[in-house]
Amino acid sequence: MSQVMWVVGILLFVVGLLFSIAWHELGHLSTAKLFGIRVPQYMVGFGKTVWSRRKGDTEYGIKAIPLGGYIRMIGMFPPGADGRITKRSSSPWRSMIEDAREASYEELQPGDEHRLFYTRKPWKRVIVMFAGPFMNLILSVALYLAWFMGIGLQMPVQTVHSVSECVLPAAVAATTDKCPANATKSPANLAGLKAGDRIVSFDGDSIGSYKQLQADIRKSPGRTVSIVVDRKGQQQTLTAAITSNTVSPVDKDGQPVQGAPVAAGFLGFAPATGVVHLGVGDSVDQMTTMARHGISSLVALPGKIPGLWHAIVGHDPRPADSPMGMVGAARLGGDVFSMNIPATQQLAFMVQLLAGINLSLFLFNMLPLLPLDGGHIAGALWESLRRKAARVFRRSDPGPFDVAKLMPVAYVVAGIFICFTALVMVADIVNPVKIN
C-alpha cells in the first residue's frame, strides 16, 4: 500500500506542477491577446507534442517533458538595423542574434505586421512578460492562505507536553535529559505544572499563542509570576519564580536558529504540538517570512554548488536547505504520501511544496536576465528610459531596443541554468533530500 501511495504522491505533484506551468503561461497568453499580439502556440512542457488542438490562431498543446512551458509570440525582436528581418553572417555570435530574430518571424502571416510583440508600447510589453510570474505569485499566495488558514500549521501550542525536572543549560539539555544529583528543580516543577495543562495567562497577560508565551517567559528572569492554567476544564492559578538559564536562540517568530546559547528567562516545560489556524494578519507575516527566505535562498544558490557536488561524488549528507529540483520535490511528495500520518498532514505538505515552488518560479523569473521574463522586462524598461531621455534632450527617437543583441548572453545564462539543473537532478537521484 505504501508503494501505491508513493506513486500517488508523485502523480499529485506532477499534476500540480503542470497546472502551475499552465497557469504561468496563461498570464502571458491572456495579456498578449488583450494587446492584440498574435500567439501561434501555447505549450505546457518541452520536447515531442503529446496532444494539441488549434483554436482560433493559437495551437494549444501538451509536450512530453513536464519541466516548463512557453507561448510563442510573433515579432519578439525588432528587424535588424537594415530593416530586414534576417541576414546571414559568418560570425557565430552574430548568427545567434540573427537566428533568434528569424525564429520570432517564422510564422509571420499577411496582416500580422500590426500584431508584432516589439511594436507594442514598452508598458504593454512589461505587462505581458510580468503577467506570467505574477500568476505564479497569485497561486503561491492562494496556496499559502489555504495552508495557513484552512488546513492549519503544525506548531507548538501553549499546552504542556512535558515538564522538566530541573534546570539544565541548553548545551547539556541537547545531550541528556537526566538531572544531576545537585541540580536545581525547574520553576515549572516547583510550581506544580503538569502535562496536559493549557496555559491561559502568564503574569496577568492573556495567552493566545505559544510564541507569545515564549517571549513573555524569556523576558521575565528573576520575577515571580502567576500562571493560570486550564486543567481538565478547571482553571487553576499557579505561582512560579522564573529563573535565568542559557537557552537556544530564536528569531522574532520564536523559531530556533543557529548560534550560541543566550541567557533568558526559563520556566522549564516542553510545549505540545497542535494544528493552529492563522488569521489574515499572521498569514501575511508568515508569507513575508517565506518571501524573505526565498530571496535569500536565491542569492545563496551559487554558494550551494560545492555542497551539491560533494553530495554526488562524496555522498555527503544533503542538508535541509540544499537546492532541490523537480525530481527531488516529486520524490519528497511520494515519501510524504507513503508515510503513516494523517491525510491532512500529507495534504498540507503537498500544498506547502507547490506554494514554495510557485514562489520560487516568481522570484526566479523576475531576475533581469535573458531568456527569463525579467530580461525582457528589463529590455522594455530600458527602451522606455531611452525614449524619454531622447524627448527631454530633444534628440531623435532611438527606436525599439534590440533585445536580440543580448542573445549571446542569453545562451550563456541558459547554459549555466541547464548545467545547474542537471547537477541538482543528479544529486536528487543519487543522494536525495529526506524527511525525518
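I'll start with contacts. In the protein chain, of the contacts with a separation of 6 or more, 66% are between residues 24 or more positions apart. Keep in mind that this is a predicted model.

Next, the overall build. The protein chain has 12 helices and 10 strands. The C-alpha trace spans about 90 × 60 × 40 Å along its principal axes.

On burial, 40% of the 436 residues are buried. The chain exposes about 23600 Å², with 62% of that supplied by carbon and sulfur atoms.

Which residues touch the most other members of the largest nonpolar core? They are Phe-13, Met-73, Phe-117, Val-128, Tyr-144, Trp-147 and Phe-148, in a core of 52 residues. Elements giving two or more residues to this core include helix H1 (2-34), strand E1 (41-55), helix H3 (122-151) and helix H12 (407-430). The largest share comes from H10, with 11 residues.

Take Tyr-144 as an example. Beyond its neighbours within four places in sequence, Tyr-144 is in contact with Met-287, Met-290, Ala-355, Gly-356 and Leu-359.

There is also a second, separate core, of 18 residues. Val-160, Phe-202, Ile-217 and Ile-227 are among them.

Definitions and conventions. Residues are numbered from 1 along each chain as its sequence is written. This is a predicted model: local features need pLDDT of at least 70, side-chain atom pairs count only at pLDDT 80 or more; totals for chains, interfaces and linings use all residues. Side-chain values use heavy atoms; hydrogens and water are left out. Helices (H or I, at least four residues) and strands (E, at least two) are DSSP runs, numbered from the N terminus. Buried means under 20% relative accessible area, exposed over 50%, partly exposed in between (1.4 Å probe, protein chains only). Contact means heavy atoms within 4.5 Å. Accessible areas come from the Shrake-Rupley method with a 1.4 Å probe; for residues, only the protein chains shown count as cover. A nonpolar core is a set of buried Ala, Val, Leu, Ile, Met, Phe, Trp, Tyr and Cys residues joined through side-chain atoms within 4.5 Å.
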